[in-house]
Structure formats: structure tokens, C-alpha cells
Amino acid sequence: MIKGRARPNRVTWGLWALAPLIGFAAQVDEGVGWPSLMTLSIGLGPLLILAASFLSANAYWRLQRLDYIYGALAVIGLVLWQVTGEGLVAIVFAIVADAMAATPTVIKAYKYPETETSLIYGVTVINAAIALLTIKIWTFETYGFALYILMLATLLFGLVQFGWGRRMDPKMSRP
């Protein structure tokens, strides 16, 4: 970001902070324990990137209709959690909202991997794998977010680091 290569969308990174932080609060409410720290770190990382993006001229806000849907899903998850008292509901909605918010970044990493940085995704793969290794009781509340993050981060790391998208479609033009 500082060198001008990465161009974070503040909306995406904001949603990537919000959804895991909701998931973390729900996990704490459900008594998940140590694995919930991975979910917290998954929310704090994007929050730091969002904050740092205000120091970069290349960062941008681009609110689209889908961004409102992602935000609405996160809010619905919070409301249903409060109404039902079930943290599982909030965790599921947080995962869905996060996955939807990740879609534009996955597409961008597929088409233009040079606009992303693989290090953050590689560290996230390790973080999620460690969280999964700490689980003693396997319930969706304990493994759901970590497994989802492991799969997403592995995909993004591969797209950015190894150019999986470009290798699959070599005709793709560069920006």
C-alpha cells in the first residue's frame, strides 16, 4: 500500500473487519475459548489495514449495491443473535457477509494479482490452521469461522502468490 502497488477498497476491508468482529463476539458469547482469538485477529487485521489506507492515495471507497447487502447481512446476524440469543446465528451470518464481501477481492486477485499482496493471506492461512489445531470440541461455533478463513485465505494466497487465475486463463489481459 505504501509503495503504491496494493489498492485496498475501504468498503471491502471495513466489512472484512466488521464480520469477524461480530463472529468473535458471538464466539465469546458461546464460550468458544482460544479458537475465538483467531476470529478476533481476522477482524483486527483488516481494521488496521482500513486505518492505514487513509495514509495511501491509492486506497478508495467504492460503495456498490452489493456492499449494502453485505452490511445488511451483518446487521441481520446481529439482530437475530440478540432476538434468539444464539451466537451460532450471528456466526453463520458473519461468515456469509464476509464471504460476500470477499468476492470482489477474489475476482480482482484472479484478474490482477499484482494489485494484491500475498503476505497477508499467507499469514492468515497459518493463523487459521493454528486455530483449527487448538480445537478440542468440534462444533460449528468453534471451527466454522476458522475453516472458512483457511479456505478463503488459501484461495487468495494462491491467486496472488502463484497467479492461479492467470495460469488458468493465460489470455487474460493485464491492466
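Author: Helix H2 covers residues 36-53, which makes 18 residues. In this predicted model, the distance from the first C-alpha of H2 to its last is 26 Å, close to the 26 Å expected at 1.5 Å a residue.

Several residues of H2 are buried: Ser36, Met38, Thr39, Ile42, Gly43, Pro46, Ile49, Leu50 and Ser53. The cover over these buried residues of H2 includes helix H1 (10-29), helix H5 (118-133) and H6.

Setting aside residues up to four places away in sequence, serine 36 touches Phe24, Gln27 and Val28.

The covering helix H1 deserves a description of its own. Its 20 residues should span 28 Å at 1.5 Å a residue, and the end C-alpha atoms of H1 lie 29 Å apart, which agrees. Helix H1 is mostly covered, with 14 of its 20 residues buried. After H1 comes glycine 31, which has a positive phi, near 75°.

Two packed helices are described by the angle between their axes and the distance between the axes. Helix H6 (residues 140-161) packs with helix H4 (residues 87-111) at an angle of about 0°, and their axes are 11 Å apart. H4 and H6 are therefore roughly parallel to each other, because angles under 35 degrees count as such. On the side of H4, the residues that make this contact include Leu88, Ile91, Val92, Ala102 and Tyr110; on the side of H6, they include Phe140, Phe145, Ile149, Leu152 and Leu159. Sorted by class, the contact of H4 with H6 holds 19 nonpolar, two polar and two charged residues.

Helix H4 also contains methionine 100. With a relative accessibility of 26%, methionine 100 counts as partly exposed. When neighbours within four places in sequence are left aside, methionine 100 is in contact with Ile69, Tyr70 and Leu73. Of these, leucine 73 is 27 residues from methionine 100 along the chain, and the C-alpha atoms of the two are separated by 9.5 Å.

The side chains of lysine 108 and glutamate 116 form a salt bridge, with 2.9 Å from N to O. Both partners are buried: glutamate 116 has a relative accessible area of 14%, and lysine 108 is at 19% relative accessibility. The count of salt bridges comes to one.

The protein has seven helices and zero strands, and its elements run α-α-α-α-α-α-α from the N terminus on. Of the 175 residues in the protein, 45% are buried. Among contacts between residues at least 6 apart in sequence, 76% join residues at least 24 apart. The pair of methionine 100 and leucine 73, 27 residues apart along the chain, is one of the contacts of methionine 100. To return to the part with which this account began, H2 has buried residues from Ser36 to Ser53 among its number, and H1, H5 and H6 are among the elements that cover them.

Technical notes:
Residues numbered from 1 in each chain as written. Predicted model: local features only at pLDDT ≥ 70, side-chain atom pairs only at ≥ 80, totals over all residues. Heavy atoms only, no water. Salt bridge = Lys/Arg side-chain N within 4 Å of Asp/Glu carboxyl O. Buried < 20%, exposed > 50% of the residue type's maximum accessible area, 1.4 Å probe, protein only. Axes fitted to C-alpha atoms, helices over the stretch in contact; angles between N-to-C directions. Helix = DSSP H or I, 4+ residues; strand = E, 2+ residues; numbered from the N terminus. Parallel < 35°, antiparallel > 145°, perpendicular 65-115°, else oblique. Contact = heavy atoms within 4.5 Å. Nonpolar A, V, L, I, M, F, W, Y, C, P; charged D, E, K, R; others polar. Expected span 1.5 Å × (residues − 1).
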